[in-house]
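Hello,

Here is the structure we talked about. Please open it and read my notes alongside.

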Amino acid sequence: MTHRRFTSGRTRLAVAAGLLIPSVAVAAPAAASPLPPGGGGSAPQVYCTSGQAGLAPTLRRDITAALAHRKGTIALGLYDRMTGTTCSLRGSTPFDSASVVKVTVLAALLWDAQNHGRELTRREEQLATAMITKSDNAATSTLWRQLGMTKIKGFLKAAGMTQTRPGANGYWGLTQITVQDEQKLLALVTASNTVLRSDSRAYILELMGEVVASQRWGTPAGAPSNVSVHVKNGWLSRSTYGWRVHSIGAFKGAGHDYTITVLTHGNSTMNYGVATIQGIARAIHKDLVPVTSGASAKRYVPTDKPKEASVPVPPGK
């Protein structure tokens, strides 16, 4: 079966550029003892491992420094397939998804199309493009209703995303997500697996690579110019836990192939949450992909006026 849109000219270019990420064997990671973010006490600790000597303690130190004095609840995950590097903090803590769930919606749509041996319709392509590249809420609601709970939960089960709970009564932005499950989703999108075919994965990465500039903040901050960037962000404010501000990203280049998830709530403002995420991202990119000279030394600087769609929530909440 061939999907018309999945194998479009843009997707073929994306594949040629190396956006399809194969599984790579790496050395067994060396365990590293964790350090507490912000300095001691009983707070959850950043934990890192790596098959590359010296990388885990460096990441642990610099992520911990980025977290120092930042208010709110912060969860993060990092996985670099090439070096076997992982970092984690509060991996199973649930957060309201906001617009980050839109990648799950697209993955579920493609998974369902695969199961029925069909292509996406032109209308579905238009909705998917608007949902990811512009974070269009109306497009997301249309696809959410079309899929329904049975298909959405079916995809989550197939993906092994056991900690994700779809939002009730059409409030998809209140889906409960965790770093652990978002990292599972990104792993499915970036490497060969039995859930999403290669053309489906290429299509998701293609759209995540075309997010409008005003929404390309968060995890891409500090990414070297020779690393490809694929991102989806989200935010919303509620009476409890203040601003939720999240960012998930997939990155490949300079000998690395990695994913980053940062979820936060309890932020006083949207910009505060954005700044927290970007401080963490810059530390990760700097340590994982050090560059000192030449064109590759340039690092991505996000907009200073970040935007994102604020998703629908029940009145008064």
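Is the crossing of α4 and α5 left-handed or right-handed? The crossing is left-handed (the near helix is turned anticlockwise from the far one by less than a right angle; clockwise would be right-handed).

First, the ground rules. This is a predicted model, where local features need pLDDT of at least 70, side-chain atom pairs count only at pLDDT 80 or more, and totals for chains, interfaces and linings use all residues. Residues are numbered from 1 along each chain as its sequence is written, and side-chain values use heavy atoms, without hydrogens and water.

Now the helix pair. Helices are DSSP runs (H or I, at least four residues) and strands are E runs of at least two, numbered from the N terminus. The axes of α4 (residues 122–133) and α5 (residues 137–159) come within 8 Å and cross at roughly 125°. Axes are lines fitted to C-alpha atoms, for helices over the stretch in contact, and angles run from 0 to 180 degrees between N-to-C directions.

Which residues of α4 meet α5? They are Glu124, Leu127, Ala128, Ala130 and Met131. Contact means heavy atoms within 4.5 Å.

Several residues of α4 are buried, including Leu127, Met131 and Ile132 (under 20% relative accessible area, 1.4 Å probe, protein chains only). The buried residues of α4 pack against α3, α5, α7 and β7. Just after α4, Ser135 takes a positive phi of about 55°.

Last, α6 (residues 179–190). Here 9 of the 12 residues are buried, so α6 is largely enclosed by the rest of the structure.

Best wishes

Note on methods: The expected span of a helix is 1.5 Å times one less than its number of residues. Buried means under 20% relative accessible area, exposed over 50%, partly exposed in between (1.4 Å probe, protein chains only).
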